[in-house]
Amino acid sequence: MVQLREVTVIAAPLERVFDLARSIEVHLLDNIHFGEQATADTPTGLHGMGEQVTWHARHFFVRQTLVSLITAFDSPRYFQDTMLRGAFRSMQHDHFFRKVQPADDGSPRTEMTDEFRFAAPILEGGLLAEFFVLRRYMRNLLRERNAVIKRVAESDEWRRYVP
C-alpha cells in the first residue's frame with residue numbers, strides 16, 4: 001500500500017477551504033484534462049457524510065469508473081472519502097484542515113493536509129507499479145487538485161462554489 005501526505009497552506013479562512021475541498025465542481029476544475037465527470041448519486045454541490053459520488057475519468061488511456069463515499073465527517077476540520085468500487089484494490093483519502101498563524105497583514109490562513117492511501121489493482125507486479133508509476137502519478141494529481149483549491153480560495157472565484 002502506498003501512503004502519500006501533502007500539506008498546502010492557503011491564504012483563506014478555514015471554513016472556505018474546507019468547503020472548496022469537498023466541492024464536486026472544484027474537483028472537476030482540476031481534472032478537466034482527464035475528462036472527469038461526476039454522475040448519479042451526488043453529481044454537484046458539497047460532499048457530506050454518507051454521500052456517494054460516481055466519477056468517470058480517463059487515466060493511463062483507460063476509461064475508469066470510481067465510486068466513492070464520505071465515510072467520516074467533522075466540519076470544518078476533517079472528512080474522509082473511501083473508494084467503494086474502482087480500479088484500485090483499495091483507496092482512502094483523509095482531508096485535515098486547521099487554522100495556522102495569520103499572514104503579516106492579519107488575513108486568515110489554513111493548512112490543508114491530505115493523507116492518501118491506495119493499493120495497486122493487481123497483486124503480481126502491483127508493488128512495482130505502486131512504487132515506480134502510481135506513487136508519482138497520484139502525488140501529481142493531489143498537487144494539481146490542491147493548487148486549484150488554493151487558487152480558487154485565494155481569489156473571488158470561491159463565491160461560485162460555496163453558498
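Predicted model: local features only at pLDDT ≥ 70, side-chain atom pairs only at ≥ 80, totals over all residues.

Biologist: Okay, then how far apart are N and O in the salt bridge of Arg139 and Glu6?

Modeller: The cut-off for such a pair is 4 Å. The side chains of Arg139 and Glu6 do meet in a salt bridge, and the N to O distance is 2.6 Å.

Biologist: How many residues apart in sequence are the parts that Arg139 and Glu6 tie together?

Modeller: Look at where each partner sits: Arg139 is in helix α3 (residues 126-153), while Glu6 is in strand β1 (residues 2-10). The pair therefore ties together parts whose separation in sequence is 133 residues.

Biologist: Is Glu6 buried or exposed?

Modeller: Buried means under 20% relative accessible area. Glu6 comes out at 9%, so this residue counts as buried.

Biologist: Which residues are linked with Glu6 in a network of salt bridges?

Modeller: A search of the whole structure turns up 10 salt bridges. Glu6 belongs to a network of them, and the residues linked with Glu6 there are Arg139 and Arg143.

Biologist: Which residue forms a salt bridge with Asp114, and where does that partner lie?

Modeller: Asp114 has 0% relative accessibility, so Asp114 counts as buried. The partner is Arg145, with the closest N and O atoms 3.3 Å apart. Asp114 lies in strand β7 (residues 109-119), so the pair ties together parts 31 residues apart in sequence, and Arg145 lies in helix α3.

Biologist: What is the relative accessible area of Arg145?

Modeller: Buried means under 20%. Arg145 is buried, at a relative accessible area of 7%.

Biologist: Let's move to the strands. Which face of β1 holds Glu6, covered or uncovered?

Modeller: In a regular strand the side chains alternate between the two faces of the sheet. In β1, Gln3, Arg5, Val7 and Val9 make up the uncovered face.

Biologist: How many bridges join β1 to β7?

Modeller: The two strands run antiparallel. Within the pairing, Val2 stands opposite Phe118 in β7. The number of bridges joining β1 to β7 is 9.

Biologist: Which residues does Leu142 touch beyond four places away in sequence?

Modeller: Leu142 has its place in helix α3. At 4% relative accessibility, Leu142 counts as buried. Leaving out residues up to four places away in sequence, Leu142 touches Leu4, Glu6, His93, Asp114 and Phe116.

Biologist: Which element gives the largest share of the largest nonpolar core?

Modeller: That core has 19 residues, and Ile10, Val17, Leu20, Phe97, Met112 and Ile149 touch the most other members. The elements giving two or more residues to this core are α1 and α3. The largest share is 5 residues, and it comes from α1.

Biologist: Last one: where is confidence lowest in the chain?

Modeller: The average pLDDT of the chain is 83, and 79% of the residues score at least 70. Confidence is highest in helix α1 (residues 14-21), at 97. At a mean of 54, the lowest is strand β2 (residues 37-39).

Notes
Residues numbered from 1 in each chain as written. Heavy atoms only, no water. Helix = DSSP H or I, 4+ residues; strand = E, 2+ residues; numbered from the N terminus. Buried < 20%, exposed > 50% of the residue type's maximum accessible area, 1.4 Å probe, protein only. pLDDT = per-residue confidence, 0-100. Core = buried A, V, L, I, M, F, W, Y, C linked by side-chain atoms within 4.5 Å. Contact = heavy atoms within 4.5 Å. Pairing = 2+ DSSP bridges.
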